[in-house]
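User: I have a model to read. Please take me through the features one by one, with the rule first and the case after.

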Amino acid sequence: MPGDYVLAVHVQEPNDTFDLNTFHIHEDLCKSKQVDFQIKVCAGDSYVTELSNQVRINFATILAVGCSSSWPNDQIAGKMLKELPPTCSLLVMDNGGKILLQRPGTSQEGTPIKVFQSSESSLSVSSSSTESRDEHQIQKSLSMPYSSTTMSSQPTRNATFPRTKKLNNTAAKSLFQRLACLEIKGCARRFTLDELKCATENFSPNLLIGEGGHSRVYRANLENGQVAAVKVLKETRYSEDDPFNEVGILSHLKHENVIQLVGYCYSQDMRAIVYNLLKDSLKQRLKQLNWKTRMQVAIGVTRGLEYLHSQTPPIIHRDVKSSNILLSDDCHPQLSDFGAAVVHQETQQDSAFVKPINVVGTFGYLAPEYIMYGKVDEKIDAYSYGVVLLELITGKQAIQKDLESHNESLVLWARSLLSCGLSDRLVDPDLNENYDKDEMKTMMFAARLCLLHSSSRRPTMKTILRLFEEPEHWLELQRKRKELLDGVGSEDETCLCRYYGSDSDEGMFI
């Protein structure tokens, strides 16, 4: 059921070369049912003992195991039942899904009482936790990229989830101290309200260049002659714990494909962030760009994201989209709007029983695992980037509005053509066939990889960058794969995969 937690356990044997992708079918099934899914590889002398150990560690209520035919050994079943606590049932199934055995454990050791506190993953859920879970699911559904048959009932196309906590006195003091440290280190300049009023002609409507749910952006002419963008944060009851999250993140970043932080304003009357100003966004100029420029944008954004993900710990943007990719006069791209960005602490993975506070993003760009249960890692940026690649290929927006006022997901439309072998129909007709066919094939290939439903199978941005820099190598691998499947058979395909290795770039592409 939605909200449950499934842990797939593999107990390794000596010289075991286990591929995590073995579980991709189970992962996809769980995602479709909004079930949290994780994989764990263990080492132990006895798989029976190790499985029962994992049951106790994770407070599991069901241990499901499979077998190729009828249950081969009653002694093994008896041993498993003796190892399992009464709060966990052993479920044995054959390959056809027929249940061969279903019985509670008989161990006298029992299971710690904590299992009853983890109500979202147990079979008996209290009314209060059910209400909380339903509310969480309703919030998540607001950002689902609906198809044309259901999207028309949605009131908006872009939705950023509300922030739920206000800035208290303790947080404000901590924020002030951190901002002061940034100023002392020279990472960011602190502007006064009067300075920004002067630079924006008292925030004239004529200088307003953009507005979102939580901010307004003005063009500013600073006293040193620099042209800048001033993002004024709106005062709402959904103020974030740290309204200057992106100041702290951007102050330590320096890359040609990431927006440059100039400074900030923090006063009783205003909170604002100042950046270098770029003329337009990719969304505004997409249809005007020729193919060479679109390739330049794709590679530049790849480098920017690869830079963010290579930080220690990695930085996840969480809102990669064409309107957040700004272009200079010579169409040099820069990633902007880091208001939703997070520093991804690998040691602080979301618990199986704790859901994230909020999900942010824009219709049409959100990865399925992020929508379904709020998981955050580099692969959600890769998915959003895949949507941007589709925009560059097709010239269409992520959510396309047709003449009948329906909204259609670009991803769903593109997948339907790709699955039918009609990839040529994806190409933007405004390009008038003035594009490099191998480059187009490479970009389509990259988009398909980034948009894989299973996050574990999506490539890293480092791999995508290699794909763009060495297209001949990857296209040759694809040709080898096609020849292999057409001419030789599955046995040689397996040998080739083993030759390259499951953890290598080549192995993934094969």
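Predicted model: local features only at pLDDT ≥ 70, side-chain atom pairs only at ≥ 80, totals over all residues.

User: How many helices and strands does the chain have?

Analyst: Helices (H or I, at least four residues) and strands (E, at least two) are DSSP runs, numbered from the N terminus. Here there are 17 helices and 18 strands.

User: What share of the residues is buried?

Analyst: Buried means under 20% relative accessible area, with a 1.4 Å probe and protein chains only. Of 510 residues, 46% count as buried.

User: Which strands form the open sheet, and in what order?

Analyst: Two strands pair if DSSP finds at least two bridges between them. The order is E12-E14-E15, with antiparallel pairing. Strands E12 (280–281) and E15 (333–335) each have a single partner strand, so one side of each has no neighbour in the sheet. E12 and E14 (residues 325–327) are joined by two bridges. Ser281 stands opposite Leu326 in E14.

User: What lies across E14 and E15?

Analyst: Helix H9 (residues 291–309) does, running at about 30° to E15. Axes are lines fitted to C-alpha atoms, for helices over the stretch in contact (heavy atoms within 4.5 Å). Angles run from 0 to 180 degrees between N-to-C directions.

User: Where is there a hairpin?

Analyst: E4 and E5 form one, with four residues between them. E4 (residues 89–94) and E5 (residues 99–104) are antiparallel over five bridges. Ser89 stands opposite Pro104 in E5. In the turn, Gly97 has a positive phi of about 90°.

User: How many aromatic pairs are there?

Analyst: Rings of Phe, Tyr and Trp (its six-membered ring) pair if their centres lie within 6.5 Å; planes under 30 degrees apart are stacked, over 60 edge-to-face, the rest tilted. The count is two. Phe203 and Tyr218 have ring centres 5.3 Å apart and planes at 70°, so this pair is edge-to-face. Phe203 sits in the loop between helix H6 (193–199) and strand E7 (208–211), and Tyr218 in strand E8 (residues 215–221). Both Phe203 and Tyr218 are buried.

User: Which lysines lie over a ring face?

Analyst: A charge sits over a ring if NZ of Lys or CZ of Arg is within 6 Å of the ring centre and within 35 degrees of the ring normal. Lys396 lies over Trp413, at 5.2 Å from the ring centre. Lys437 lies over Tyr435, at 5.3 Å.

Note on methods. Residues numbered from 1 in each chain as written. Heavy atoms only, no water. Buried < 20%, exposed > 50% of the residue type's maximum accessible area, 1.4 Å probe, protein only.
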